[in-house]
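Here is a short note for a colleague opening this structure for the first time. Please keep the 3D view at hand while reading the points below.

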Amino acid sequence: MTVRQSIVFNGDLGSGKSTVSVEIAKRLGLRRVSVGDLYRQMAQERQMTALQLNLHAELDQAVDGYVDQLQRDIAASGESLVMDSRLAWHFFTDALKVHMITEPTEAARRVLARPSGPAESYTSLEEARAKLRERSESERGRFIVRYGVDKARLRNYDLVCDTTRANPEQVIQHVIDVYEGRLGADVLRAGRPLLLLDPNRVYPTEDVSTLRGLWDSDAAEAAGRDEEPEPEPLSIGYTGEYFFVVDGHRRLSAAVRAGLPMVPARLVAEVDEPVVGGISAVDFFTAQARPGLIHDWEDAHGITLPLPEHALLGGGPVLAGEPGAGA
């Protein structure tokens, strides 16, 4: 069993970082440090909202400078701890780097439901979603300019968890299993991040009708019972916005039909990295994820996948009755 010194959490606003990191720190007996709490305190002291402080930090390097030095000092101390910070992965070396994501509307719903303070309050779901996106993009742009790193790049991390339908206990147990070497060790040794994705948010790239054995009920039942201690990971591509299957449609289908909130996967190509034959992840997805193919997958599984922009803007004809028709 291999255990790293610390666990550092980064991720989407509303993805559950605070809930998960607090409980993991308790269970492992580690100190927890939250940079988000520190920023909210700084915003309140300046009588700003969290978004206003982020925009101010784009102009005033002293805001980030204080927090950065704090993180450098903690990382250099060698203390094993749990760190909730959107940049700790950049400062820590010997740590499990966890990135948490969730569907944007679900994230806005969660943030809107929790008690608000003077540094963070929203009046509607639409406002929450828009401001969360603006705040995240402000941080991303600031980190690219100031540090030359992109927090949205998945290869920065060891573990990526999609918490859209997973409950906190499921996420907590998976993170601890990875931290203690019981889950995903082979994927991590290969140098790729382990992905734990919501199967209902992963796009197909093959026609349902061409996949032999796809509708094998035994596969779905086995997935639902978790008969395998560690299922074979899917091979996944990522466009920077959408996850799609490169290999493993049958396993993905079984996970969807079993109602699993997360399915393990390995990242094979991200954004401009080649999937096959020199074709980038973005170009591969654009060519393969056609409206009719997506609609057939939705219909076969009883789920809804938003049509990607390329499909709405000319990635293939949208037939009458398909999602997006008449849009």
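**Notes on a predicted model**

1. **The main core.** The largest nonpolar core has 53 residues. Within this core, Met-83, Phe-92, Leu-195, Ile-236 and Phe-243 touch the most other members. Strand β10 (residues 263-270) gives the largest share of the core, 4 residues. A second, separate core has 25 residues, among them Phe-9, Leu-159, Cys-161 and Val-187. Bear in mind that this is a predicted model.

2. **Leu-195 up close.** Set aside the neighbours of Leu-195 within four places in sequence.

3. **The chain as a whole.** The protein chain holds 14 helices and 12 strands. It has 327 residues, and 48% of them count as buried. Take the contacts in the chain with a separation of 6 or more: 74% of them join residues 24 or more positions apart. The chain exposes about 15400 Å². Carbon and sulfur atoms supply 49% of that area.

4. Look next at strand β8 (residues 234-238) and strand β9 (residues 243-247). They pair in the antiparallel sense, over 4 bridges. Ser-235 has Asp-247 in β9 as its bridge partner.

5. **Helix α6.** Which residues of helix α6 (residues 104-113) are buried? They are Thr-105, Ala-107, Ala-108 and Val-111. These residues cover an arc of only 155 degrees around the axis, so they lie on the same side of α6. Their cover includes α7. At the start of α6, a side-chain oxygen of Glu-103 comes within 3.1 Å of the backbone nitrogen of Thr-105.

6. **Helix α13.** In helix α13 (residues 291-301), the buried residues are Pro-291, Leu-293, Ile-294, Trp-297, Glu-298 and His-301. They pack against β7 (202-203), α11 (249-258), α12 (281-288) and α14 (309-312). Just after α13 comes Gly-302, with a positive phi of about 70 degrees.

7. **Asp-158.** This residue sits in the loop between α7 (125-147) and β5 (159-162). Is Asp-158 buried or exposed? Its relative accessibility is 16%, and the cut-off for buried is under 20%. Asp-158 therefore counts as buried. Its side chain reaches the backbone nitrogen of Lys-97 at 2.8 Å.

8. **Gly-191.** Gly-191 is in another loop, the one between α9 (185-189) and β6 (194-197). Its relative accessibility is 59%, and exposed means over 50%, so Gly-191 counts as exposed. Gly-191 and Arg-266 are 75 residues apart in sequence. In space, they are 9.9 Å apart, C-alpha to C-alpha.

Methods. Residues numbered from 1 in each chain as written. Predicted model: local features only at pLDDT ≥ 70, side-chain atom pairs only at ≥ 80, totals over all residues. Heavy atoms only, no water. Helix = DSSP H or I, 4+ residues; strand = E, 2+ residues; numbered from the N terminus. Buried < 20%, exposed > 50% of the residue type's maximum accessible area, 1.4 Å probe, protein only. Polar contact = N/O pair within 3.5 Å; in protein donor to acceptor, adjacent residues only side chain to side chain. Core = buried A, V, L, I, M, F, W, Y, C linked by side-chain atoms within 4.5 Å. Contact = heavy atoms within 4.5 Å. Arc of directions from axis to C-beta. Areas by Shrake-Rupley, 256 points an atom, 1.4 Å probe, with all protein chains shown as cover. Pairing = 2+ DSSP bridges.
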